[in-house]
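My notes follow in the order in which I looked.

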Amino acid sequence: MSILSLVACKQEKVEKVAEQPAAVVEETVAKPTRKLAKFEPEEGKVLLFAGQELEAVGGLEKYNDGYLDHFDKPAGWTTYSNINPGENSFGRIQEGLDGIYETHDWGDHDYNASLQLKDSSYTDMAMAIGLQFVNHEEKVADGTHDKYIDKLGDFLLSLGKRPVFLRIAYEFDGDPWNSYEREATIKAYRRIVDKLRAKGVTNTAYVWQSVGFISNLEHLEGWYPGDDYVDWCAVSFFNRWDEIQMFKFARSKGKPVFIAEATPTISDYTGKLYGTTKETQLSNPEQAQEAWDKWFVPFFNAIEENADVVKAVHYINCHWDSHRMWDENPTFQKIDARLQLSEMISNKWKAETSKPKYIKSSPDLYAYLYGERK
């Protein structure tokens, strides 16, 4: 098409819009606006997180071959804890708030949030905490476990202005591996939020995370704790990413979305029924190329196509198949997702996440997230 043709085409479109009634023109060009949620960047910006255990994130004397040792420092990192004392998790009897103050391994390698917080590698970074209480939702809901909520509140208060994204009962609809009871889980979620707010915690955004491929819009509505209790919606992005309904649901609620768990997994022929995925070792050039084509490209496309709601993403830089928790898990048992193992993946990741839209660590990050925008 010639330049003159393009100009004529554009002029014709302008004239057609001009001919419409004023109300129609306004509907055509106006963009919907909503108040930004706690710690939400403006449209076109995305907070970049890396996780999830000490080995995967790195940046420490003992754990020195993780994401922080190979890539620019992201805006935040993710860790995990629990309120399920007495539960046996792959040989460890959980105490409640495991991995917060001391190094603990419940089958997914070492976690220790306090160790990370004390290290200079983690300055100017936000923090995301996945908090689960599988089999304990009723005890959280009825107040039996209030002491753990209070202790968690003390921990959050000790962080000062460091922004925290608290993913309460993450993957709440992840039956059968989570098996949360719906009504008790909703009550437990609300109790945690109410008690932390009453304690004076102000540096925490409350995040409500679905698995992604399990719940339709009706089911999501049935699990929803309510607008007053949810700052961010969230979703996992694994092998059945094309079935995610959370983007649409969050848009209907006026909430931003955190892609709170993401790692390259590609469905095998039985993936739909049994969750099985193809072997994906990023150290293998052929498998790395397939991972880029069939997972990383759709991942970045989903961020771009849902830019109005997707405002944070978390890449799990994990050596999954070396952790005993995933030995028999059909989704992760053959996965090594460490970006640094593939030069091709690393270069493409750096190129993509170096775009201005991705927010990383900076001295003014906290001020930015608290609304002092530049």
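The entries below go from conventions to cores, helices, pocket, single residues and backbone.

**Conventions.** The model is predicted, so I kept local features only at pLDDT of at least 70 and side-chain atom pairs only at pLDDT 80 or more, while totals for chains, interfaces and linings use all residues. Residues are numbered from 1 along each chain as its sequence is written, and side-chain values use heavy atoms, with hydrogens and water left out. I took helices (H or I, at least four residues) and strands (E, at least two) as DSSP runs numbered from the N terminus. For burial I used relative accessible area with a 1.4 Å probe and protein chains only: buried is under 20%, exposed over 50%, partly exposed in between. Contact means heavy atoms within 4.5 Å.

**Cores.** I looked for nonpolar cores, that is, sets of buried Ala, Val, Leu, Ile, Met, Phe, Trp, Tyr and Cys residues joined through side-chain atoms within 4.5 Å. The largest has 92 residues, and those with the most contacts inside it are Phe155, Trp208, Ile259, Phe296, Phe299 and Trp349. Helix α11 gives this core its largest share, nine residues. A second, separate core has 20 residues, among them Ala75, Ala126, Phe165 and Ala312. I then listed the contacts of Phe296 beyond four places in sequence: Pro264, Leu282, Ala291, Tyr315, Leu339, Ile345 and Trp349.

I also checked Ala312, which sits in strand β13 and is buried at 0% relative accessible area. Setting aside residues up to four places away, Ala312 touches Val46, Leu47, Trp232, Val257, Phe258 and Ile259. From Ala312 to Trp349, 37 residues along the chain, the C-alpha separation is 16 Å.

**Helix α9.** Which residues of α9 are buried? In this helix, residues 246-253, they are Met246, Phe247, Phe249 and Ala250. They cover an arc of only 165 degrees around the axis, which puts them on the same side of α9; the arc is that of the directions from the helix axis to the C-beta atoms. Their cover includes β9 (204-210), α8 (217-223), β10 (232-237), β11 (257-262), α11 (285-305) and β13 (310-316). After α9 comes Gly254, with a positive phi near 70 degrees.

**Helix α12.** I repeated this for α12 (residues 343-353), where Ile345, Ser346, Trp349, Glu352 and Thr353 are buried. Down the axis of α12 they fall within an arc of 135 degrees, so they line one face of the helix. The elements covering them include β1 (46-51), α11, β13 and β15 (358-359).

**Pocket.** I searched a 1 Å grid over the protein atoms alone; a pocket is an open set of points where a 1.4 Å probe fits, with protein on both sides within 12 Å along at least five of seven lines, and lining residues have an atom within 4 Å of a point. The largest pocket has a volume of about 1,100 Å³. Of its 40 lining residues, Trp177, Asn178, Met325, Trp326 and Asn329 are the closest to the centre. Elements giving two or more residues to this lining are β2 (76-82), β3 (88-89) and α10 (271-274). The largest share, four residues, comes from α10.

**Ser215.** Is Ser215 buried or exposed? Ser215 counts as buried at 5% relative accessibility, and lies in the loop between β9 and α8. Its side chain makes a polar contact with that of Asp173 at 2.7 Å. For such a contact I required a pair of N or O atoms within 3.5 Å, one able to donate a hydrogen and the other to accept it, with residues adjacent in sequence counting only if both atoms are side-chain atoms.

**Backbone.** Most residues other than glycine have a negative phi, and most peptide bonds are trans. I noted a cis bond from Gly51 to Gln52, omega near 15 degrees, and another cis bond from Asp175 to Pro176, omega near 20 degrees. Phe90 has a positive phi near 50 degrees and is partly exposed at 42%. Ala169 has a positive phi of about 55 degrees and is buried at 1%. The place of Ala169 is the loop between β8 and α7, where Pro176 is also found.

How values were computed:
Points joined across faces, edges and corners; volume = space filled by probe spheres on them.
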